[in-house]
Amino acid sequence: MHGKQSFLGAVLLVASVAGCARHGSEARQPPSPSTTTVYVARRVRTLDAERPIAEALSVRAGKVLAVGGREEVLASAGEGARVVDLGEATVVPGPTDAHGHLSGLGQSLAAVNLEGTGSREEVLSRVVAAPATAWQGDWLIGRGWDQNDWPEKEFPGRAEFDAKLPRTPVVLERVDGHALWVNGEALRRARITRDTPDPSGGRILRGPDGEPTGVLVDNAMDLVAAVLPPPTEAQREAQLAAALVRCAEVGLTEVHDAGMDLRTYRLLQRWDKEGKLPVRVYAMADGQGAARETYLSEGPFQGRMLTMRSVKLLLDGALGSRGAALHAPYSDEPGHQGLLLLTPEEYEARVRAFMARGFQVATHAIGDRANTLVLETLVRSAEATGTRDGRHRVEHAQVMRLEDIARLGASGFIASMQPTHATSDMPWAERRVGPERIKGAYAWRKLKESGTPLALGSDFPVERPDVLLGLYAARTRQDAEGKPPSGWYPDQRLSGEEALEGFTAGAAYAAFAEKERGRLKPGMDADFVAFSVDPVEAPVAELLKAQVKLTVVAGTEVHRAP
């Protein structure tokens, strides 16, 4: 029965996305290169110091022709120009998510959605009512649970699923992607028993009797991944197409994909050659697995809408699952300091190999120990390889010692951070690290003042890809109800313009594209978005209700609100 569900789910999903893709392809037919289009709005925020505010911009052949007052731009466009009046909207340079996962977003759109579940029982009820798209072979897939949202705050066990689904392997990914909750059948197929040792950089959580509880952290997840049937090619294509459509819908014109697997890369290369990519993709090669040798052999790649010139390495786990590597033990788990997913020696060897091959190195570092190790290794390796100007990146830079914040600012490296991580983690983060270490956590203002360039993103599907939510979190450090009233550690907030710059000019700089994107100036790429509100000056609560009216990439309208 499950096999039939999986096949039917794949067929339905492919048919649905194929219809969207056909519609999107028709909508994405760009005007003739000789056609000029003028976009008029209540306000155009250019982020260009010479002319920060305008009323209109004109576009031709994928580039910005002119920016200025309405009558001025219309006159320069000449007769025959196409005019699009966006009314009360505010146009901004095309936002980029500087750290997302396209394949993960696509999978999350198909899997059992566990975001917002308030208890183990609610997770169980959603899994039992799983949609047909949530099957990979005869395995049931879900993602998005977070035990910190439950009354007991403790990691779950497998007993509930063993009672309800004793013969169906169930794999549920935690919201941060750094832990799995599985049932007994999944453990059996992965041959995980009380005698299975913890792998390097991973933990098999165990009960008082020594038996695995069903929660696997970081590298221990690989034990299940090794036996989990991969998505079919039809599922993979449908999921990736759906993810790209979602990005355009939420106002993204580019995504920095943090750790792209080789199959996804090949598919995007084909779609880029065929002109099927609706948004730009700046890909980071997966430097963690065996495919890194292929990426090293081929080197960087530049297509029309797809770029591969960065590599993603993971040094530690996540704070929520206590996998982030800390200098001192967790405040809420004495004796445990987190996990390093690579040995310092192996990490440095990979860093140097990719630097020497011309790649920008981007490293996932959450805990303060991981961040210290990344900084020391990047400085030493960049000097040895002559790539101090390689704009190497620290992905997340989440919990840092104050002295390391200053060192990062002096290094010339980039902090790639996610504002909504702070607002999601704030109910429990201080319990993990205590009152002193929290002063260097999610510290956007401190990093900015140190001179560190900020590139902002969401880490979707860990968080939602909606750029308006990121702008809200950066300006408020509050949840959707406006709590805490003054913001969580409000001295670390960003202004509206700083937040917008982080998603635009800052992200463009992090991708070596600041001369082409991130601002609206004549000659730059015609990538921009029209919001229903001004994201810089509108009352912050309006950002939560705002709408993406139009998304334009390379002069082509890839999304228009109904």
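The chat below goes through a predicted model of one protein chain.

Q: Before we start, what do I need to know about the model and the numbering?
A: This is a predicted model, in which local features need pLDDT of at least 70 and side-chain atom pairs count only at pLDDT 80 or more, while totals for chains, interfaces and linings use all residues. Residues are numbered from 1 along each chain as its sequence is written, and side-chain values use heavy atoms, with hydrogens and water left out.

Q: OK, how many helices and strands does the protein chain have?
A: The protein chain has 20 helices and 24 strands, where helices (H or I, at least four residues) and strands (E, at least two) are DSSP runs numbered from the N terminus.

Q: And how compact is it?
A: The radius of gyration, taken over C-alpha atoms, is 23 Å, close to the 24 Å that the globule rule (2.2 Å times the number of residues to the power 0.38) gives for 562 residues, so the protein chain is as compact as a globular protein of that length. Along its principal axes the C-alpha trace spans about 80 × 55 × 50 Å.

Q: What share of the residues is buried?
A: Of the 562 residues, 59% count as buried, a term that stands for under 20% relative accessible area, with exposed over 50% and partly exposed in between (1.4 Å probe, protein chains only).

Q: Switching to aromatics, how many pairs are there?
A: There are eleven aromatic pairs, counted when rings of Phe, Tyr and Trp (its six-membered ring) have centres within 6.5 Å, with planes under 30 degrees apart called stacked, over 60 edge-to-face and the rest tilted.

Q: Why is the pair of Y442 and W488 classed as it is?
A: The ring centres of Y442 and W488 are 5.5 Å apart and the planes stand at 65°, so this pair is edge-to-face.

Q: Where do those two sit in the chain?
A: Y442 is in the loop between α15 (429-437) and α16 (444-449), and W488 is in the loop between α17 (467-476) and α18 (496-503), so that the pair links distant parts of the chain, 46 residues apart. Y442 is buried at 2% relative accessibility, and W488 is buried too, at 10%.

Q: Which residues form a ring cluster?
A: Ring pairs link W145, W150, F155, F161 and W181 into a cluster.

Q: Which charged ends sit over rings?
A: Among them are R309, whose charged end sits over the ring of F512 at 3.6 Å from its centre, and R477, whose charged end sits over the ring of W444 at 4.5 Å from its centre; the criterion is NZ of Lys or CZ of Arg within 6 Å of the ring centre and within 35 degrees of the ring normal.

Q: Now H256, is that buried or exposed, and where does it lie?
A: H256 lies in strand β14 (residues 254-260) and counts as buried at 0% relative accessibility.

Q: What does its side chain make a polar contact with?
A: The side chain of H256 makes a polar contact with that of R393 at 3.1 Å, a polar contact being a pair of N or O atoms within 3.5 Å where, within protein, one must be able to donate a hydrogen and the other to accept it, and residues adjacent in sequence count only if both atoms are side-chain atoms.

Q: Last one, what surrounds T476?
A: T476 lies in helix α17 and is buried at 3%; leaving aside neighbours within four places in sequence, T476 is in contact (heavy atoms within 4.5 Å) with G487, R493 and V540. A polar atom of its side chain lies 2.8 Å from the backbone oxygen of Y472.
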